[in-house]
Amino acid sequence: VISLVAAAQVAAAGKPLRVGFAQTGAESAWRTANTNSMKSEAEKRGIELKFADGQGKQENQIRAIRSFVAQRVDAIVLAPIVETGWDPVLREAKRAGIPVILTDRSIQTADESLYVCFIGSDFYEEGRMAADWVARAVNGQGNIIELQGTPGSAPANERRRAFADGIAKHPGLKIIDSQSGDFRRAGGKEVMEAMLKKHGRAINIVYAHNDDMALGATLAIEEAGLKPGRDIIMVSIDGIKEAIQAIIDGRLNCTVECNPMFGPKVYDTIERLKRGEKVERKAYNKDLLFDATNAREMIASREY
Ligand code: GYE
């Protein structure tokens, strides 16, 4: 005869995991690939995923987390749109005993116990790789326009800081202007139009915090009668398939990879937590770099 407790345990083990995912929004092709990875992997594993699109607003993400807590999900996955302001809502999750996994972007908090682990990319390393590539490509000389990501987001903060550090050793490289295009294609185009009006032919290089903004900027440059990739050196981050194609077409010069396929790793981690096993506190993907030397051989295998 099996005991009531054992029977309850068996039933609990058979129930599908319920996971709440508070996503930033749908600002870029990277983000779409990230959402697809989280959704399709949940389906594959029979995990019940509650997906909340934050539509670019922290308050929406906070509301989503509160509703996940109220529904007593097994785990909460958060891709935090900005770095600060999470402590109160994460404390609510902690009090309810629900583990929080940060994915993609990190947060700033004085209480490191508010999340179990971080699964994402090393944004500083990405910015550093971009800076090194630029310095080599232009021989340490040139005026740079920076297109920043969402203000206050971890990738915008880190990619900015790393790039500035990286070019600091080259006195001939200068960021002459820097503005946010919010990681969006339309944002990149708009900001680039304004920059071309303001600085004209003084611009030698564009460093965009993501591919979508770089691709938007190429349109503005072409409309101004210039050739992106030749008249203006174009460098960005993400490594989406469209960007690799733009390199092949000569309209973009370099993109540093930022792999968005976190689904398998995130759910592995949650399943491990549920079995009471230890998980890595910080897990980073290794990122590659694409330019004219390898774009052709890489494009076929690009998943996003
Ligand atoms: O680079 C950008 C997206 O947080 C790494 O967000 C992510 C960034 C990515 O919108 O395309």
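Colleague: Hi! How many helices and strands does the protein have?
Modeller: Hello! There are 11 helices and 12 strands. Keep in mind that this is a predicted model.

Colleague: Thanks. And what is the radius of gyration?
Modeller: The radius of gyration is 21 Å, close to the 19 Å that the globule rule gives for 304 residues, so the protein is as compact as a globular protein of that length. Along the principal axes, the C-alpha atoms fill a box of roughly 80 × 40 × 30 Å.

Colleague: What percentage of the residues count as buried?
Modeller: Of the 304 residues, 52% are buried. The accessible surface comes to about 13600 Å², and carbon and sulfur atoms hold 50% of it.

Colleague: Switching to charges, how many positive and negative side chains are there?
Modeller: You'll find 42 positive and 41 negative ones, with the centres of the two sets 3 Å apart.

Colleague: Is Phe-183 buried or exposed?
Modeller: Phe-183 counts as buried, because its relative accessibility is 3%, and the cut-off for buried is under 20%.

Colleague: What about Asp-238, where does that one lie?
Modeller: Asp-238 lies in strand E9, residues 233-238. Its phi is positive too, at about 130°, although Asp-238 is not a glycine. Asp-238 is buried, with a relative accessible area of 3%.

Technical notes. Residues numbered from 1 in each chain as written. Predicted model: local features only at pLDDT ≥ 70, side-chain atom pairs only at ≥ 80, totals over all residues. Heavy atoms only, no water. Helix = DSSP H or I, 4+ residues; strand = E, 2+ residues; numbered from the N terminus. Rg over C-alpha atoms; globule rule 2.2 N^0.38 Å. Buried < 20%, exposed > 50% of the residue type's maximum accessible area, 1.4 Å probe, protein only. Areas by Shrake-Rupley, 256 points an atom, 1.4 Å probe, with all protein chains shown as cover. Lys, Arg positive; Asp, Glu negative; His and termini not counted. Charge placed at Lys NZ, Arg CZ, Asp CG, Glu CD.
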